Amino acid sequence: MALEQQRLQALIERDIQTANRLHHEDYELVTPGGHRHTKSSYLEDVASKRLEYLAFEPMTPIAVRATPDLVVLRYIARIRLCVGIADEVELRAWHTDHYERHDDRWQVVWSQATAISE
């Protein structure tokens with residue numbers, strides 16, 4: 001899905017204006033470590049480089065389930081990032097995103113990443 005690719009690119013490039021438009025106000029992310037982030041805390045961390053994505057790439061085709069107002073995407077991603085002052089981390093994770101149509105535009109409302117053991 002092109003919109004998901006656009007969202008991932010915005011996160012890597014720290015394009016907060018685009019990321020803000022693509023994430024709904026009620027957006028929540030559940031990380032592989034089980035932490036929950038709101039839209040504001042997530043995008044603030046990305047903007048400040050407390051969370052810096054170096055790569056976020058689908059490794060498998062993106063599976064899509066859709067109704068007229070809801071799309072669910074699922075794929076395995078390669079995620080390379082720096083968190084705070086920590087060293088660079090790379091992981092593979094099942095990644096699931098829920099998009100909803102709001103005011104005739106699609107926005108992601110939930111994301112969840114589940115780490116895959118090597």
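Reader: Is Ser111 buried or exposed, and what is its relative accessible area?

Author: The model is a predicted one, in which local features need pLDDT of at least 70 and side-chain atom pairs count only at pLDDT 80 or more, while totals for chains, interfaces and linings use all residues. Residues are numbered from 1 along each chain as its sequence is written, and side-chain values use heavy atoms, with hydrogens and water left out.

Ser111 is buried, with a relative accessible area of 3%; buried means under 20% relative accessible area, exposed over 50% and partly exposed in between, with a 1.4 Å probe and protein chains only. Ser111 lies in strand S7, strands (E, at least two residues) and helices (H or I, at least four) being DSSP runs numbered from the N terminus.

The side chain of Ser111 makes a polar contact of 2.4 Å with that of Asp97. Such a contact is a pair of N or O atoms within 3.5 Å; within protein, one must be able to donate a hydrogen and the other to accept it, and residues adjacent in sequence count only if both atoms are side-chain atoms. Beyond its neighbours within four places in sequence, Ser111 is in contact (heavy atoms within 4.5 Å) with Arg7, Tyr27, Glu28, Leu29, Val30, His95, Thr96 and Asp97.

Elsewhere, strand S4 (residues 63–67) and S5 run antiparallel and are joined by five bridges; two strands pair if DSSP finds at least two bridges between them. S4 and S5 form a hairpin with two residues between them, and Thr67 has Leu70 in S5 as its bridge partner.
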